[in-house]
Amino acid sequence: MDCIFCKIVKDEIPSKKVLENDKFLAFHDINPIAPIHVLIIPKEHYEKFDLTPSELFSEMADFIKNVAKELNITDYRLITNNGSNAGQEVFHLHIHMVANPEGKLKWPKLV
Ligand code: 5GP
Ligand code: ZN
């Protein structure tokens with residue numbers, strides 16, 4: 001059974017795409033926490049950060065920089081929730097890219 005993000009990769013669930021190549025996809029979060037909130041995923045299914053091959057991350061870093069260019073932003077925050085106690089709800093690796101082009105993002109206490 002495919003997970004929800006695998007279904008987005010296959011276009012079985014619609015998404016607002018920002019950028020795509022053969023290995024990665026960036027799309028807008030359905031429930032944004034900032035004026036810009038994009039999710040960046042590998043097309044291949046890995047459950048979470050610490051189960052993802054490290055080699056993939058250098059390629060993913062280049063892709064993430066291209067997503068920022070596509071969105072025309074220079075200042076942004078990257079977050080990945082690794083495990084349910086960290087806030088992970090979808091168990092397909094994703095990096096949240098959040099930004100506020102109008103000003104500063106808050107940096108709230110999390111506990
Ligand atoms: P997590 O809590 O796992 O780090 O983040 C999961 C994120 O996926 C949440 O921010 C949530 O709003 C987003 N999300 C969940 N389902 C969908 C969906 O079907 N489409 C989109 N675009 N985002 C989703
Ligand atoms: Zn998946």
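Strands β2 and β3 run antiparallel and are joined by five bridges. The model is predicted, with local features requiring pLDDT of at least 70 and side-chain atom pairs pLDDT 80 or more, while totals for chains, interfaces and linings use all residues. Residues are numbered from 1 along each chain as its sequence is written, chains are lettered from A and ligands numbered from 1 in the order written, and side-chain values use heavy atoms, leaving out hydrogens and water.

Strands are DSSP runs of E with at least two residues, and helices are runs of H or I with at least four, both numbered from the N terminus. Two strands pair if DSSP finds at least two bridges between them. Strands of a sheet pair through backbone hydrogen bonds, either parallel or antiparallel.

The open sheet has five strands in the order β1-β2-β3-β5-β4, with antiparallel pairing. Its edge strands, β1 (17-20) and β4 (77-79), each pair on one side only. From one strand to the next, the twist averages 20°. Axes here are lines fitted to C-alpha atoms, for helices over the stretch in contact, and angles run from 0 to 180 degrees between N-to-C directions. Helix α2 (residues 54-71) packs on the sheet and touches β1, β2 (24-28), β3, β4 and β5; its direction makes about 150° with that of β3. Contact means heavy atoms within 4.5 Å.

A hairpin of three residues connects β1 to β2. Some facing residues are listed here.

| Residue | Opposite residue | Strand of opposite residue |
|---|---|---|
| F27 | L39 | β3 |
| R77 | V98 | β5 |

Four of the five residues of β2 are buried, where buried means under 20% relative accessible area, exposed over 50% and partly exposed in between (1.4 Å probe, protein chains only). H37, in strand β3 (residues 36-42), is also buried, at 4% relative accessible area. Its side chain makes a polar contact of 2.8 Å with that of H96; such a contact is a pair of N or O atoms within 3.5 Å, and within protein one must be able to donate a hydrogen and the other to accept it, with residues adjacent in sequence counting only if both atoms are side-chain atoms.
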